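Student: Please take me through one part of this model in detail. I would like to look at the aromatic residues and the core around them.

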Amino acid sequence: MKSEQTPAPVKATLNTSRSQHLLSGFISGFAASVLLQPFDLLKTRIQQSPTSTLRSSWQEILLADISSTQNARDSALNVLRKLWRGTLPSVVRTSVGSGLYFSSLHSLRSYIQNHSEPSISSGKSSMKRSSVLPQVQGYANLLAGSFARGAVGFVMMPVTVLKVRFESSTYSHSSLLQTAKAIYGAHGINGFFYGFGATFVRDAPYAGIYIFMYEYAKSTVPALLLRMPLAGRLTTEDSTLQMLSSPASVIVNLMCAGIAATTAVTLTNPFDSVKTRMQLFPDRYGTKMWTAFAAMLREESGIRGLFDGLGLRVVRKGLSSGIAWCLYEEMVKKY
């Protein structure tokens, strides 16, 4: 029985098409962006000014509607609308970006797997994971994740700039079209790519670190779960295989996504703060990443300002990564 079950994960990896990964990534990114948009909006509000806090940003959204209407139902609906402001560009950026990223990542990892020594990806190592995706060494995961995220980030950059501007309370744009016209009128086409340097330095290492930590966690978390008292009889290798091919793999994927996201977010948050400032205030912070870094360190709260919004970003990225990667891997397995 063992010899018949062993090749299954590798076979599933090779038989999945690029369109399957594109569609699975699109759907998982769509779900994550819609559900977690309030976290993204509040993070942008916190990062837009050194004096902004989570409490002040929340009060700005909440108190404005309480004072402007006597109808509790209308007030609640307005608050919800404000929390989900910028959902359209966020959905476009995350769903299309996730589809492109997951399909590109799969293609890169498949290429590396197919052109590497057999020892890099053996049936035994694949068998012990909760994934049907190509398995490569740690450094290859870093390179593949960084390259794929950097390329997709450039393609989606105009949507990212629109999203940040529309989410911010600094600008009073009533529509995405008005936002786009304002950016183009003030800065031309280049305005839609402000902050790309900081975005690339944030996204490429983030993706590389995330993939590295995600795959490393998936090679260790199942063994840790089997040592827990609740694991019961799941102590043999056969039981490990049974757990990873069952609904328990969802738990493994969620836990690993949370671990990977927390690590990657913490290490790359300074670049996220700089990116937001450059996109919101290009005249003040300039168009060069290191100039913006120096300005933030000099004019604001030093190193502390580079970690504005870290808590929200950890929560949002942890949840979004868990949702996106879990849905993506489960959809690839089934379809």
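Tutor: Start with Phe102. Its relative accessible area is 3%, so Phe102 is buried. Keep in mind that the model is predicted. Tyr101 is buried as well, because its relative accessibility is 3%, under the 20% cut-off. The two rings pair. Their centres lie 5.6 Å apart and their planes meet at 50°, so the pair counts as tilted.

Now go to helix H11. Tyr210 and Tyr214 make a stacked aromatic pair, with 5.6 Å centre to centre and 15° between the planes. Both residues are buried. They are four residues apart in H11, so about one helical turn separates them.

Ring pairs join Tyr101, Phe102, Tyr206, Tyr210, Tyr214, Trp325 and Tyr328 into a cluster. The structure holds 14 aromatic pairs. Tyr206 also has a charge over its face: Lys317 lies there, 4.8 Å from the ring centre.

Next, the packing. Tyr210 touches Ala257, Ala260, Ala261, Ala264, Ser321 and Trp325, leaving out residues up to four places away in sequence. The largest nonpolar core has 28 residues. Tyr101, Leu105, Tyr210, Tyr214 and Trp325 have the most contacts inside this core. The elements giving two or more residues to the core are H6, H8, H11, H13 and H16. H11 supplies the largest share, 10 residues. Another core, of 14 residues, lies apart from this one and includes Val164, Met278, Tyr285 and Ala295.

Conventions: Residues numbered from 1 in each chain as written. Predicted model: local features only at pLDDT ≥ 70, side-chain atom pairs only at ≥ 80, totals over all residues. Heavy atoms only, no water. Core = buried A, V, L, I, M, F, W, Y, C linked by side-chain atoms within 4.5 Å. Buried < 20%, exposed > 50% of the residue type's maximum accessible area, 1.4 Å probe, protein only. Contact = heavy atoms within 4.5 Å. Phe/Tyr/Trp six-rings, centres within 6.5 Å; stacked < 30°, edge-to-face > 60°. Lys NZ or Arg CZ within 6 Å of the ring centre and 35° of its normal.
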